[in-house]
Amino acid sequence: MPTLDYLINERQQLRLRFLQPGHASRHGATRVTEVVARPLTEAPHTLGDLAADTPFDDGTLFLVTLDTPRPTPAHLRALDHLIRLLDRRKAAGLVIGTPGHDLRTLPDATLTAANRLELPLLVTSAETTAWDHVNEDLRLRRAQFAERQVQRLDGLLNRLPARLADPTAARRIADWLSVALDAEVLVSSARRGVLAAAPDSAPAGLAHAVITSAHGAPEAHDGAMHTRIVSISPGSPGGEDEARLAIASHEPFDSAATALIQHAAKLLGLCDQARREHQARTRTPRAVRHAAFQLLMRGETVLAQVVYTGAAQALLDTDTARVFVVDTGPQEREATLSWCERALAEQAIVAPCPGKPKHILILDPAREGDRVETVLKGMIAAREGHLMGQSRPHALAETAVGYLEALTAVGDAAGTPHRVRLGGSKAKFAPLLPRREAKAWAAALMSPLLDDFPGRGDERKLLLETLPTALSFKHTEAAGGLGVHRNTVTQRLNRAGKILSLDLRGSANDRVLTLLALDILALPDPDPDPDPDPDLNAPPRTATPPDFAALMAGAAEDGGPTAWAEERLRPVRADQRDLVETLCVWLESNLSTRETARALGLSEATVRNHTRDAAGLLGMDFSTKMVGITDTDVVTVADIALALHVLLGRPALTQPPRAS
């Protein structure tokens, strides 16, 4: 849109300038739609009548010419009258023309009146013929401006998503505004941080302006950059969650740019409001589902039923349930999570996995029909890159076991034709043991650290947090996961071994059984004992926990451990390098690569390659940063050793003797 600055800078033949230099910054961006020229020789009342009959548009610039180098008292009276008239008509300004002469100033009274009414005064020494084609040029510029604005607004509308709550909407609008104004654009909130930025470097450049600018300031200058800050949170300006649009450009913002910024701010505000309303509708129910799922993982079914209120509360009124784990792969989890929440509403409990940013957890009450399974399989088939693991039906209190099965299965789903796998055959070993006896055995093995701990303060907690990681990996890897020096890992293992009377550094047997005990203790507690036998003559039950051999014998009665071990070792038994023999000797050599290489007649590099490849085939994740005492889904060296022991009797695991 043509402005006073345009006429001054681009139409230099007009010889136009502000009478007061300070007006350039205040009025330079005032838009001009046409120029109306009149001589100032007419009587004031005649001039006023003529001006009143002249159709004024918003943005009209009035040009009066003097027939003398300096205004006479009659001219000054006419100017005073005209200034008041032009103020009422909202003129763009008043130009005083003195052809061939340079008018330097006007009386203070005239200047004061114009300043009070905020009417810019300009002067020109150009001949009147220089203005002949100005209106034609202004019309052409206005047409070009209108065409460009239509194109820009069309581009803005094309950036709007199908849904205002689309999380990409703000970024798309910011990208458009950055290109349209050749500027840096930042959409941010004090509480939520950066919501959108274009280019990516914009936050660094605009952060200071956003922090220091006063709300509502029309424009601030930071060196050569012109900045504009606009609130996009109507109804809550200044609130802790207020979102702002910040723009920085090397060029000042004219009326066209200001209009574009205002349009973009309104659309960004609508998108932000829709996004927050969408989150408000979904976040609270999602938080409840997450809390219920975590309680079920801990076996606290009653608390889960209390927490899970709402229309689908009856979902937890079930004896058994299946667990599904969906891996969204490289795609954003939120889209699939929202789809599952809508598709499975009142049919299943859907929650994001808190520890794995690509996983979605689904609990399906195993009643009649398989609608949930059918819906999920259809979704996996339609979404490339997604994987799914499914558990067998388990008691509701055994949700953690079902999760382990589904988690193990989803890790192998990529190798199946439909990217879906049923778990159960490759779960960890601890859930296969009789729960009550296993808990008693594990508690007895770990009692010096759990019940009779001789240390002080947080030492027990520190040791328990260290053991799973330190026993699962080499000291260097464990130190990295725990964030401590490897010597610290060694010291803690020595301390824990002394308390437990176990050789946690040199004995693979003790390492394996300690890891197994920790796995067992992380599982949900068994159901309470049934009522005691009312027969008073019945022998009292023994409180002595079983030893390891008795525990294994009890588990082997139904053949479950053997079937598990056969399936568990299938990948390495099929390998032509005899990885099974390497693993057996490695475990029997207390995980020493050097001793294993000597016993097998291989190089140490070959042994390292074999053990690494075997661990990968068996699902032991060497990239795991930390294993917690409550982690029941991480495959450790104990699971590998137990599978070999069950199937081959190697290594010969035995109950560690207690030091007297």
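Is the crossing of α22 and α23 left-handed or right-handed? The crossing of these two helices is right-handed, where a crossing counts as left-handed if the near helix is turned anticlockwise from the far one by less than a right angle, and as right-handed if clockwise. The model is predicted, so local features need pLDDT of at least 70 and side-chain atom pairs count only at pLDDT 80 or more, while totals for chains, interfaces and linings use all residues. Residues are numbered from 1 along each chain as its sequence is written, and side-chain values use heavy atoms, with hydrogens and water left out.

The protein chain contains 25 helices and 16 strands, taken as DSSP runs numbered from the N terminus (helices: H or I, at least four residues; strands: E, at least two). Of the 660 residues in the protein chain, 47% are buried (under 20% relative accessible area; exposed is over 50% and partly exposed in between, with a 1.4 Å probe and protein chains only). Among the contacts (heavy atoms within 4.5 Å) in the protein chain with a separation of 6 or more, 70% join residues 24 or more positions apart.

Helix α22 (residues 579-588) packs against helix α23 (residues 593-600) at an angle of about 125 degrees, and their axes are 9 Å apart. Axes are lines fitted to C-alpha atoms, for helices over the stretch in contact, and angles run from 0 to 180 degrees between N-to-C directions. The two helices α22 and α23 are therefore oblique to each other; angles under 35 degrees count as roughly parallel, over 145 as roughly antiparallel, 65 to 115 as roughly perpendicular and the rest as oblique. On the α22 side the contact is made by Glu-581, Thr-582, Val-585 and Trp-586, and on the α23 side by Thr-593, Thr-596, Ala-599 and Leu-600.

There are 2 aromatic pairs, defined by ring centres within 6.5 Å for Phe, Tyr and Trp (its six-membered ring), with planes under 30 degrees apart counted as stacked, over 60 as edge-to-face and the rest as tilted. The ring centres of Phe-429 and Trp-564 are 5.2 Å apart and the planes stand at 50 degrees, so this pair is tilted. Phe-429 lies in the loop between β16 (420-422) and α14 (435-450) and Trp-564 in helix α20 (residues 560-568), so the pair ties together parts 135 residues apart in sequence. Phe-429 and Trp-564 are both buried.

Trp-441 and Phe-548 form a tilted pair, at 6.0 Å centre to centre and 45 degrees between the planes.
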